[in-house]
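User: I am new to protein models and would like to learn how to read one feature at a time. Could you take me through this one, giving the general idea before each case?

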Amino acid sequence: MKHNFKKIVFFGFLYTNVILTIKIQAQAPVQLSIRESLPGLTISKYIYGHFSEDLGRCIYDGFWADPSMPVKKQGRIRMDVVEALKKIKIPVLRWPGGCFADQYHWRDGIGPQGQRPKTVNTTWGMVTDDNSFGTHEFLELCSLLGCEPYIAGNVGTGTPKEMEDWLEYLNYNGESALTDLRKKNGRDKPWNVSFWGVGNESWGCGGSMSPEYYSNEYKRYSEFAKNYPGTKLKLIASGANGDDYNWTDVVLKNTGLWNAWGISMHYYVVVGDWGHKGSATQFDESEYFHGLKKCLHIEGLINRHSAIMDVYDPEKAKALVVDEWGIWTDAEPGTNPAFLYQQNSLRDALIAASTLNIFNNHCARVKMANLAQTVNVLQSLVLTDKDKMLLTPTYYVFDMYQAHQDAMWLPVQFSSPDYVYGNEKIPAINASASRDASGAVHISIVNLDPAKIISIKTSLEGMHFKSLSAQVLTSQKFTDVNTFEKPFTVKTVEFKGARKQGDDLMVEMPPQSVVVVELK
Ligand code: AHR
């Protein structure tokens, strides 16, 4: 290919207020084709799920404010946070962990708040937990958010009886002491909770089990997880750590997942190593590149876990549930390292957008995913500081991608140019597409290259459109973040770089950007 570079100052790239100094590579447009999916797969809305652990400032001082905090609250639930999350239609929220799930005893978190026992969160910072946020409060939060709850049950330090009782307390409407207790605590009707995790990371913080041992535990615990009238449980077995394919194989072989909805898999993008993960805000192009490379690695993990699942479940009846994912950096300087509070940059938004494209394109098997963790922990959507709240660059990706929820998946084919860094390269472009119930087609495209505009020519086989609109998320630097002083540095704006050409769609992808185009 002939390379023809020229350095220019590029004004605004047809969208607002951005002045970028970039290199342009003259090249033929990338040919992208979108066609109908056969037999017609739906992108589950649960792929757009979230995770809120009793960890650091996620629940306490995140969702759950001090009574004296001068913000709009329902009880102690922060309504500014709720309203922001409602706007992006979060479909499901996972709680109470994470590692915390296997040390949580649900009876500590019910009854009059002042009378609940104080416990120590030995997993996350040895802090005292007054248990004022428990079962009733979590389910009230889900109801305010308009989302489904996903509760992770305690296998590590609990018993099958404790899990059985919790489910009866939640889901039974008949005559029993636990029904009476729920009513006495202020909830008349059962909640009909269906998503239920049988432990969390049982290979590690959930009990350091072997897959053989966990398989037996899964069978024992799930045997007592009953379907009370009106609620069919969707059990989720504790799954693999990243590339631990043996875990998936052994658990499927030993349990057949016969009574399960799915099995989980956890994968975090760690740019350095676990001792020095790297800064969330101070990083160079090497860390940018390697963060993105590690993000794209998840597709290989999904392929290989899915191939193992296909052996036992060729009909793809069971879900691969990526119930923890996202970038994990060093905690912000000056904060408690056990609280995992990190800032969120444009790089992290590109990681979210690329990962969601991968999930969309694997929607036959990936039916739920939960980004870690919603507020003030890891790759958050929302950060709070006393009464202030900001939306992170990652929030805007979930906002832009809403249209994919429960939409018909449309396969996208193309050959991506490379983003080359030193001797390494990754595909610069990734994309996914869907058609919603109204017939509108949405195409989400990511350009990971920090220096090149990439032209894309999209043909839509058998589809015609009359009008288009588009949004873009980008910024001058990939390290850009939103702060409490400057909360709108990175945000979505209208995009004018997409146009109709005959029956084709032409898109000029700015460097380091996410674009979502709507065709009607
Ligand atoms: O999200 C933080 C922790 O990461 C979770 O508690 C655990 O499940 C995982 O190791």
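Analyst: Let us begin with a term that we shall need: a salt bridge is a side-chain nitrogen of Lys or Arg within 4 Å of a carboxyl oxygen of Asp or Glu. Please keep in mind that the model shown here is predicted. As a case, the side chains of Lys161 and Asp165 meet in a salt bridge, with 3.0 Å from N to O.

User: Is Asp165 buried or exposed?

Analyst: To answer that, we need a cut-off: a residue is called buried when its relative accessible area is under 20%, and exposed when it is over 50%. Asp165 has a relative accessibility of 7%, so it counts as buried.

User: How many salt bridges are there in the whole structure, and which parts does the pair of Asp310 and Arg365 tie together?

Analyst: A search of the whole structure finds 21 salt bridges. One of them is formed by the side chains of Asp310 and Arg365, at 2.7 Å from N to O. Asp310 belongs to helix 8 (residues 298-312), while Arg365 sits in the loop between helix 9 (346-361) and strand 15 (366-372), so this pair ties together parts that are 55 residues apart in sequence. Arg365, at 3% relative accessibility, counts as buried, whereas Asp310, at 28%, counts as partly exposed.

Another case is the salt bridge between the side chains of Lys386 and Asp385, where the distance from N to O is 3.9 Å. Here Lys386 counts as exposed, at 57% relative accessibility, and Asp385 is partly exposed, at 29%. Salt bridges can also share partners, and in this way Asp310, Asp313, Lys316 and Arg365 are joined into one network.

User: Which residues are buried in helix 6, and what do they pack against?

Analyst: In helix 6 (residues 245-255), the buried residues are Tyr245, Trp247, Thr248, Val250, Val251, Leu252 and Thr255. The buried residues of this helix pack against helix 5 (211-223), strand 12 (234-241), strand 13 (260-269) and helix 8. After helix 6 comes Gly256, which has a positive phi, near 65°.

User: What does the domain assignment of the protein chain give, and how many residues does each domain bring to the contact?

Analyst: The assignment gives domain 1 (8-34 + 411-519) and domain 2 (42-409). The contact takes 42 residues from domain 1 and 43 residues from domain 2. Between domain 1 and domain 2 the buried area is about 3,500 Å², and carbon and sulfur atoms give 68% of it. On the side of domain 1, Tyr421, Phe478 and Phe484 lose the most area to domain 2, together 21% of what that side buries.

User: Which polar features cross the interface of domain 1 and domain 2?

Analyst: Across this interface there are 17 residue pairs in polar contact, and one salt bridge is found there as well. As for the side of domain 1 that touches domain 2, strand 22 gives the most to it, with six residues. The residues of that side divide into 21 nonpolar, 14 polar and seven charged.

Terms used
Residues numbered from 1 in each chain as written. Predicted model: local features only at pLDDT ≥ 70, side-chain atom pairs only at ≥ 80, totals over all residues. Heavy atoms only, no water. Domains from an automatic or database assignment. Contact = heavy atoms within 4.5 Å. Buried area = accessible area lost by both parts, 1.4 Å probe. Polar contact = N/O pair within 3.5 Å; in protein donor to acceptor, adjacent residues only side chain to side chain. Helix = DSSP H or I, 4+ residues; strand = E, 2+ residues; numbered from the N terminus. Nonpolar A, V, L, I, M, F, W, Y, C, P; charged D, E, K, R; others polar. Buried < 20%, exposed > 50% of the residue type's maximum accessible area, 1.4 Å probe, protein only.
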